Amino acid sequence: MLDAAAKHKSLDLTWRSAPPDSYGLIVIKLFSLLKWCVCVCFHSSSLSVGTKTGYRLFSVTAVDKLDCIHEGVECPDVYIVERLFSSSLVVVVSLSMPRRMNVYHFKKGTEICNYSYSNNILSVRLNRQRLVVCLEESIYIHNIKDMKLLKTLLNTPTNPSGLCALSVNHTNSYLAYPGSATIGEITVYDANSLSTVTLIQAHDSPLAALTFNSSGSKLASASEKGTVIRVFSVPEGQRLFEFRRGMKRYVSISSLSFSADAQFLCASSNTETVHIFKLEQHSPSREEESPTWSAYVGKMFTAASTYLPAQVSDMMHQDRAFATVRLNMFGLKNICALATIQKLPRLLVASSDGYLYIYNVDPQDGGECVLVQKHSEEQVEQKEEENPEDVPPQPASQSYAATVALPSTPPSSTTLMGYSEDGGAQKGEVIPEHEFAEGPVCLDDENEFPPVGNQSN
């Protein structure tokens, strides 16, 4: 698999966040060939790590506690591991088979199904309605209830990093991906109705990061330059906020993440600084009520901006960071997320050196965030060696059909010759290796897959 190794020599990091009433989940994903892929889900208190030997699921009930609850060894060199919120559904992709997606029910120790695609899988996104698989020049949308392929978006603009974002709110199941390989155009697609919603001209240079807020009503983006972060309304595509990360140098933005209430947005890059921005509209009446020197200067700048070039005027209206974190590293890519742990707002940073950092955030005054805990997988492994009796035995691997499938008539063949956009055979575009169960995938257990209500900001 030399092509897979070549494609993933550089670090690829993405993240997403889940709605407050789906148990306040925050999900982070970190990919590295040699280190780990981290998916951190909070309130359900789970953290998923892809490693050279498989993947591991951890429990994080407090800032100072990290316990291993499951270890999957079905396949080595895992570089994508996505969990459906707090459920037992886990999607895994490994470097040994980068074109194949395996879907597991980890509590039962069974494989639900697997699909193979025409090229390497670069990213996977899922919510309670849809499972999205992104390749370099195509996107596949599955119905998560039975894993049926609903739509194939062929000949999408070249997307070597697999950049895409899927709203975790399944009612507003929007999918965002690059609409161009040369400029920062965003295509917003409705994964429920399977139709394009809008095109957003977000940046002049190609996109580097995308994310939705928990309700799917806002979309944040950054370009490869990494100097400006913009927030748009969905589905209208109207620009709501513009934040300046920096001016002195271009950086590689590796993650964007909204807080659960969409009041804050954090951004991390390959620099030593993580920025937190506050999404608030500045009231004109408040400025008139405070005739200070800074307010006067601000009005002068606003008036002058109408006579300046557009680029200079935009720069003068951009907000700066509300809070920051200074990492003790430089040049390592990392990802960040905002979460509430033990009833306090926290910033989490997962770094490519294999560490998870937890910081306190002051939601009132912002400023410099304080480090409260630092975790590493090596520390957890040492604790397991000291207390081996605490590690639960793993169930033997069984076929999904033999354990949880519903009675039905199985398909006549275990190999489909390809899919068209409506689900029929077409030119062998995709050759899935699908272990067909004797019925639809059983994902209706309300205890494992609790419903998500409508969200509002």
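This note goes through salt bridges, strand pairing and aromatic contacts in the structure shown above.

1. Basis of the note. The model is predicted, with local features requiring pLDDT of at least 70 and side-chain atom pairs counted only at pLDDT 80 or more, while totals for chains, interfaces and linings use all residues. Residues are numbered from 1 along each chain as its sequence is written, and side-chain values use heavy atoms, with hydrogens and water left out.

2. Four salt bridges are present in the structure, a salt bridge being a side-chain nitrogen of Lys or Arg within 4 Å of a carboxyl oxygen of Asp or Glu. Arginine 125 and glutamate 82 make one of them, with their closest N and O atoms 3.7 Å apart. Because arginine 125 belongs to strand E11 (residues 123-126) and glutamate 82 to strand E7 (residues 78-83), the pair ties together parts that are 43 residues apart in sequence; helices (H or I, at least four residues) and strands (E, at least two) are DSSP runs, numbered from the N terminus. Arginine 125 counts as buried at 2% relative accessibility, and glutamate 82 counts as buried at 2% relative accessibility as well, where buried means under 20% relative accessible area, exposed over 50%, and partly exposed in between (1.4 Å probe, protein chains only).

3. Arginine 100 forms a salt bridge with glutamate 111, and here the closest N and O atoms are 4.0 Å apart. Arginine 100 is in strand E9 (residues 97-105) and glutamate 111 is in strand E10 (residues 110-116), so this pair ties together parts that are eleven residues apart in sequence. Both arginine 100 and glutamate 111 are buried.

4. Glutamate 242 and arginine 239 meet through their side chains in a salt bridge, at 2.8 Å from N to O. Glutamate 242 is buried, with a relative accessible area of 9%, whereas arginine 239 counts as partly exposed at 39% relative accessibility. These residues also belong to a network of salt bridges that links Arg230, Arg239 and Glu242.

5. The open sheet E15 to E18. Four strands form an open sheet with antiparallel pairing, in the order E15-E16-E17-E18; two strands pair if DSSP finds at least two bridges between them. Strand E15 (165-166) and strand E18 (195-203) are the edge strands, each of which pairs on one side only. E15 and strand E16 (residues 174-178) run antiparallel and are joined by two bridges, and alanine 165 has alanine 176 of E16 as its bridge partner.

6. Strand E25 and its partners. Five of the six residues of E25 are buried, so this strand is largely enclosed by the rest of the structure. E24 pairs with E25 in the antiparallel sense over four bridges, and a hairpin joins these two strands through three residues. Within this pairing, phenylalanine 264 stands opposite lysine 278 in E25. E25 is also joined to E26 by four bridges, the two strands running antiparallel, and isoleucine 276 stands opposite alanine 323 in E26.

7. A pair of aromatic rings is described by the distance of the centres and the angle of the planes. Rings of Phe, Tyr and Trp (its six-membered ring) pair if their centres lie within 6.5 Å, and planes under 30 degrees apart count as stacked, over 60 as edge-to-face and the rest as tilted. By this rule the structure has five aromatic pairs. The rings of phenylalanine 243 and phenylalanine 277 have centres 4.8 Å apart and planes at 25°, so they are stacked. This pair links distant parts of the chain, with phenylalanine 243 in strand E22 (residues 239-244) and phenylalanine 277 in strand E25 (residues 273-278), 34 residues apart. Phenylalanine 243 counts as buried at 0% relative accessibility, and phenylalanine 277 likewise counts as buried at 0%. Phe241, Phe243 and Phe277 form one aromatic cluster.

8. The tilted aromatic pair. Both phenylalanine 264 and phenylalanine 322 are buried. Their ring centres are 5.5 Å apart and their planes at 40°, so the pair is tilted. Phenylalanine 264 is in strand E24 (residues 264-269) and phenylalanine 322 in the loop between helix H4 (310-316) and strand E26 (323-326), 58 residues apart.
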